[in-house]
Amino acid sequence: MDAIDGWWDEFFWGSVVVVELFFVALILTVLFGLIGSAAKLSKNRVANAIASGYTIVFRGTPEILVLLLFYFGSAIALTSIAQIFDPEIKFVDFPPFWAGSFAIALIIGSYATETFRGAFLGVDPGQVEAARALGLSNLQTFIYVRIPAMWRLALPPFGNHMLSLIKDTALVAIIGLEETLFVAEKAIAYSAKPFTMYILVGVIYLGFSTVITLSVMVLEKYANKHLEVAG
Amino acid sequence: MSFDFDLILDSIPKMLMGIGLTFQLLFLSLLLGTALAIILLIMRISGRWYLSWPTMVYIYIFRGTPILVQIFIIYYGFPQLEFIREGIFWPILKEPFGCAIVALTLNTGAYVSEIFRGGVIGVDRGLKEAGAALGLSATHRFIYITAPIAIRLCLPAYSNDVISLQKSTALASTITLLDMTGIARTIVAETYAPYEVFISLMCIYLILTWVIQRSFGWLEKRMSRHIREEV
């Protein structure tokens, strides 16, 4: 354990990066999931085809490939754009944080698309008809009727998606983001204690997973409060 | 920024040289992982706390930490420990291939055993009671009544896990193995053409995913043919 002394603050800041990455990617995941499920449920054939292509590609290919493609691909795209303005520029680096959060959000978003689609289909059509009868607009129906009814159904599988999301943040160390796994590599280069350092990373992630699992349990209780029997 | 088709035609055969390694990683760890999952399942449902508690802790740890961290602990971390370097498993653990197999097996075993447990829970109580009334022992009930029904019930979830395992094999490239992803990363490092190489590799993985999905779809249909005939 002595080997970790002096690295605690680095691991702490690494964990902060993980949390930041998690929340940015989570927001994007929900966004991609909502757009994807809306496209899948729409009657527009083009939207359907694009959404199906999206879920097939991102659920069927390794996460690490998507991440590498995003990171190196965006760097090349940015470089060629920058060279239009200034031919002297040799290389523009895309921030690994954003490449990572976009790549992870696109991957988990493809799973969320399927979850949200199923949840929207599970909303009682009678409730939607009742909202229409009350004169609510499409947007109002969506916000006040569909979403509250849908997220109760989507929550259990979405909890699992959040667990995958937090675990996928570890991959971003591969493209050089200074999160816990990256800190561990630095610490190992210094102290040559790989087992201790990687176990610590594992413990940190186990802590995050536990917090997410407990939060989802609390949220599920809150979401189904109206179903509890009084007394 | 242009799409270099010659490079694609050139790199696909090179990447396919690694498909054998990808298949070895997939099938070997699937086989061992499923065997491990069955052992874990039997321990978990044995009803003895000293068997089920360690199983729950094991599953909690392996499902709560990133597979990449698990791979790093086994490949980079274990050599730090004296008793592992002198233990009987050292010939396996000193090779990156052995480490990848061990990590993927331990990881997938945890996930699959939970899938199997879901299947076992889904078996109708009445059937087990009928078996008991016919005088079948607990072992016979498990083999002849519970297992065949549970396998049918958990086949869809199992096929999803095979696909995630296939995606996880790509992480073997992080510990110097030259599977398809490892070769692709080498090519990109040489040519700096991430779009061409990574996108064509994603297509290869998509084909593999499709084949896995199709095979399990066929298997599911075949195993539930006694139900479909009534319709």
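1. A word on contacts first: two residues are in contact here if their C-beta atoms, placed from the backbone, lie within 7 Å. In chain A, taking contacts between residues at least 6 apart in sequence, 76% join residues at least 24 apart. For chain B, 77% of the contacts between residues at least 6 apart join residues at least 24 apart.

2. Some housekeeping before you read on. This is a predicted model, in which local features need pLDDT of at least 70, side-chain atom pairs count only at pLDDT 80 or more, and totals for chains, interfaces and linings use all residues. Residues are numbered from 1 along each chain as its sequence is written, while chains are lettered from A and ligands numbered from 1 in the order in which they are written.

3. Chain A has 8 helices and 0 strands; helices (H or I, at least four residues) and strands (E, at least two) are DSSP runs, numbered from the N terminus. Its order along the sequence is α-α-α-α-α-α-α-α. The C-alpha atoms of chain A fill a box of roughly 65 × 60 × 25 Å along the principal axes. Of its 231 residues, 39% count as buried, where buried means that 20 or more other C-beta atoms lie within 10 Å of the residue's own, exposed means 12 or fewer, and partly exposed is in between, with C-beta atoms placed from the backbone.

4. Chain B has 12 helices and 0 strands. For this chain the box filled by the C-alpha atoms is roughly 70 × 55 × 25 Å, again along the principal axes. Of the 231 residues of chain B, 36% count as buried.

5. Now have a look at helix α3 (residues 63-85) and helix α4 (residues 96-122) of chain A, whose axes come within 9 Å and cross at roughly 140°. Axes are lines fitted to C-alpha atoms, for helices over the stretch in contact, and angles run from 0 to 180 degrees between N-to-C directions. The two helices α3(A) and α4(A) are therefore oblique to each other; angles under 35 degrees count as roughly parallel, over 145 as roughly antiparallel, 65 to 115 as roughly perpendicular and the rest as oblique. The crossing of α3(A) with α4(A) is right-handed, a crossing being left-handed if the near helix is turned anticlockwise from the far one by less than a right angle, and right-handed if clockwise.

6. Which residues bring α3(A) and α4(A) together? From α3(A) come A:Glu63, A:Val66, A:Leu67, A:Phe70, A:Tyr71 and A:Ser74, and they meet A:Pro96, A:Ala99, A:Gly100, A:Phe102, A:Ala103, A:Leu106 and A:Ile107 in α4(A). This contact of α3(A) with α4(A) has 10 nonpolar, 2 polar and 1 charged residues. Here Ala, Val, Leu, Ile, Met, Phe, Trp, Tyr, Cys and Pro count as nonpolar, Asp, Glu, Lys and Arg as charged, and the others, Gly among them, as polar.

7. Leaving aside neighbours within four places in sequence, A:Leu67 is in contact with A:Gly100, A:Ala103, A:Leu171, A:Val172, A:Ile174 and A:Ile175. In the largest nonpolar core, which has 108 residues, A:Leu67 and B:Ile71 are those with the most contacts inside it. A nonpolar core is a set of buried Ala, Val, Leu, Ile, Met, Phe, Trp, Tyr and Cys residues joined through C-beta atoms within 7 Å.

8. Between the chains, 29 residues of chain B are in contact with 30 residues of chain A. On the chain B side, α3 (49-64), α4 (67-77), α10 (180-191) and α11 (194-223) each give two or more residues. The most come from α11(B), with 9 residues. By class, the residues of this side of chain B divide into 21 nonpolar, 7 polar and 1 charged.

9. Within chain B, the axes of helix α7 (residues 96-122) and helix α9 (residues 138-168) come within 8 Å and cross at roughly 150°. That makes α7(B) roughly antiparallel to α9(B). Their contact residues divide into 13 nonpolar, 6 polar and 1 charged.

10. Two loop residues deserve a backbone check. B:Thr176, in the loop between α9 and α10 of chain B, has a phi near 70°, a positive value in a residue other than glycine. B:Tyr192 lies in the loop between α10 and α11 of chain B, and its phi, near 50°, is also a positive value in a residue other than glycine. With 12 C-beta neighbours inside 10 Å, B:Tyr192 counts as exposed.
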